[in-house]
Amino acid sequence: MEKIMPLDLLSSIKGASSSAAVNELFKVIQQAIPAEDGTALLESGDDAPVSLDELRSDEIVRSTQTEKEIIRQNFPGEKNGYLVVPKVIED
Amino acid sequence: MESEIHKIHQSVQDGAVSCTDLVKQKIDMLEKSANNTANFLLKESALQRASIVDQKVKTGKKIGLLEGVPFGIKDVFLLQGEHASASSAFLKNYISPYTATAIQKLLDEGAIPIVKENCDSFGHGSSTENTAFGPARNALNEDLVPGGSSGGSAVNVAKEYTTFSIGGDTGGSIRQPAGFNKVYGLKPTYGRISRYGLMAYASSTDCVGPISKSLEDIRILLNVMSGKDLHDQTSFDAPPVPEDIFKEKLKGDKLKVGFYTSFLENPSLDAGIKKDFLSLLTRLKDHKVDVIPMEFFDTNLLVSMYYILGMAETASNLARLDGINYGERLTAESLKAGYALTRSENFTEETKRRIIGGNQVLSQGHSEEIYLKARGLRNQVSARFEQEFKLVDIILSPVTPNLPPKLGSQNDPLEMYLSDAFTVGFSLGGLPTLTAPGGTETGIQITAPKRQEEKILKFANFLKEVE
């Protein structure tokens, strides 16, 4: 089922609405005429930042103890040694 | 070859100045400065590091070239145990859990970070006015903006508060402030320096780069920070730029330099910048350089492409800032209302504008006619660069269409976006680009094919003769 989400919900920003300045940028792209060769792929094919052959394996790298401590310190809420979340969703 | 790094290295090694005194002096200047470039001073850790260097010198040991050299870090990089605010209210109290790869490489060489530098919040801006720490001021005229988003970093280098600074450049954020403060600023080839530990703005164009007062220092820093990194899959290994590249002067009659007529036809181009640029081209011709005019995309189209893609990426990257795991948190009657309140109160207007714009282009109905079209056009930009570099060695352009505006005078966001007209195209192409001071009032931008930073540095050295 198609559902259009309003901008404030999409952005999680209260009263979010489109801006005139940004709409001007949109117009320029909408009116642009792409070159006839469509996607115009590079001859060298070197535009991909990384080759699929060079991807590293997907493995877990554990944080150090110092990193873990700082991550805990950065948590916005703490009570009696527990990290506090803003809302508990029970169902 | 002139080099601030070599000068400091020699003074500290010879005992002419102690590293502790040097660091104290720089931090003192930052504390007293009216330029508002420092979000956080790293006094305690910097003095600790300095005393280790002094101890080494006292016992007659040799120190490395960067050992004891004080530097600045744009406040979008992580440095373990220190603040990393992105100049935002959202992360004003955030502490870095780990250190960015580029910064770690400098620490490994013994360089000493002394300041986290003011910038536009999350890199969103071109003036260092969009910051929770108050606007920074230009190094040469405090009534003017320093440029942005790496404005604090460029000012610190120009004022010699830091020996060099490390900035981030997504669409011109190193090159434009370097031009506004008359220092060198390099945006390397996309991927040459790891982005790990740099807070993401637009991941497909984000680059890490050095700002300094000399070409030799740019070369040294590029070599130290470059290289493939396990944590950034877009990074790659590159051979170091050799030490002797400045010894042999380039010969003008062997050079082909292109420039874009569409840039010079930009109606908002300052008359003085245009005149100076054309005069530089004439001097290049006098040095027997083959100067070739080239057609390129309209600058408004480049700016629109860049901002649309950048906004889409920043909307995705900043979605993680919801006040749950880190950063400021405000609570409301429901979880979703809490997210919205937290984000609405802690992002600046400019950041909100970019997030909303990004979500607009990624949403149904807009994604095909705007976002995907902009991506297709970007491919065409890259293809054009590839063709053009078959004809020329270097592309030369002004850095900015305008002179630095007065603080507080630029209130129209579109005007600010359009001021990036000459820098964003090279970001979209992932090309290496250097701002060199001189040539025009806001510098000259020198661009080469991917991975050919060496060519840029050699040409920048050649330009000194042409000046």
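**Figure 1. Lining of the largest cavity in the predicted model.** By class, six nonpolar, five polar and three charged residues line the largest cavity. These 14 lining residues include B:Lys74, B:Thr170, B:Leu198, B:Met199 and B:Tyr201, which lie nearest the centre of the cavity. The space inside the largest cavity is about 100 Å³. The structure is a predicted model, and it holds five cavities of 30 Å³ or more. Rolling a probe the size of a water molecule over the atoms shows where empty space is left.

**Figure 2. The second largest cavity.** This cavity has a volume of about 80 Å³. It is lined by 13 residues, and those closest to its centre are B:Gly125, B:Ser126, B:Ser173, B:Tyr307 and B:Asp420. The lining of the second largest cavity divides by class into eight polar, three nonpolar and two charged residues.

**Figure 3. The open sheet of chain B.** Eleven strands form an open sheet with mixed pairing. Their order across the sheet is S1-S3-S2-S4-S6-S5-S10-S11-S9-S7-S8. Strand S1 (38-41) and strand S8 (290-294) of chain B are the edge strands, each pairing on one side only. From one strand to the next, the twist averages 25°. Strands of a sheet pair through backbone hydrogen bonds, either parallel or antiparallel.

**Figure 4. Pairing of strands S5 and S10 of chain B.** Within the sheet order, S5 stands between S6 and S10. Strand S5 covers residues 184-187 of chain B, and strand S10 covers residues 433-436 of chain B. The two strands run antiparallel and are joined by three bridges. One residue pair can be picked out here: B:Lys187 has B:Thr433 in S10(B) as its bridge partner.

**Figure 5. Packing of helices H2 and H3 of chain B.** Two packed helices are described by the angle between their axes and the distance between the axes. For helix H2 (residues 19-32) and helix H3 (residues 43-58) of chain B, the angle is about 155° and the axes are 8 Å apart. Angles over 145 degrees count as roughly antiparallel, and H2(B) and H3(B) are therefore roughly antiparallel to each other. On the side of H2(B), the contact is made by B:Cys19, B:Thr20, B:Val23, B:Lys24, B:Ile27 and B:Glu31. H3(B) contributes B:Lys43, B:Ala46, B:Leu47, B:Ala50, B:Ser51, B:Val53 and B:Asp54. By class, the residues of the contact of H2(B) with H3(B) are seven nonpolar, two polar and four charged.

Conventions: Residues are numbered from 1 along each chain as its sequence is written. Chains are lettered from A and ligands numbered from 1 in the order in which they are written. This is a predicted model: local features need pLDDT of at least 70, side-chain atom pairs count only at pLDDT 80 or more; totals for chains, interfaces and linings use all residues. Side-chain values use heavy atoms; hydrogens and water are left out. On a 1 Å grid over the protein atoms alone, a cavity is a set of points where a 1.4 Å probe fits but cannot get out, and a pocket is an open set with protein on both sides within 12 Å along at least five of seven lines; lining residues have an atom within 4 Å of a point. Grid points are joined across faces, edges and corners, and a volume is the space filled by probe spheres set on the points. Ala, Val, Leu, Ile, Met, Phe, Trp, Tyr, Cys and Pro count as nonpolar, Asp, Glu, Lys and Arg as charged, and the others, Gly among them, as polar. Two strands pair if DSSP finds at least two bridges between them. Helices (H or I, at least four residues) and strands (E, at least two) are DSSP runs, numbered from the N terminus. Axes are lines fitted to C-alpha atoms, for helices over the stretch in contact, and angles run from 0 to 180 degrees between N-to-C directions. Angles under 35 degrees count as roughly parallel, over 145 as roughly antiparallel, 65 to 115 as roughly perpendicular and the rest as oblique. Contact means heavy atoms within 4.5 Å.
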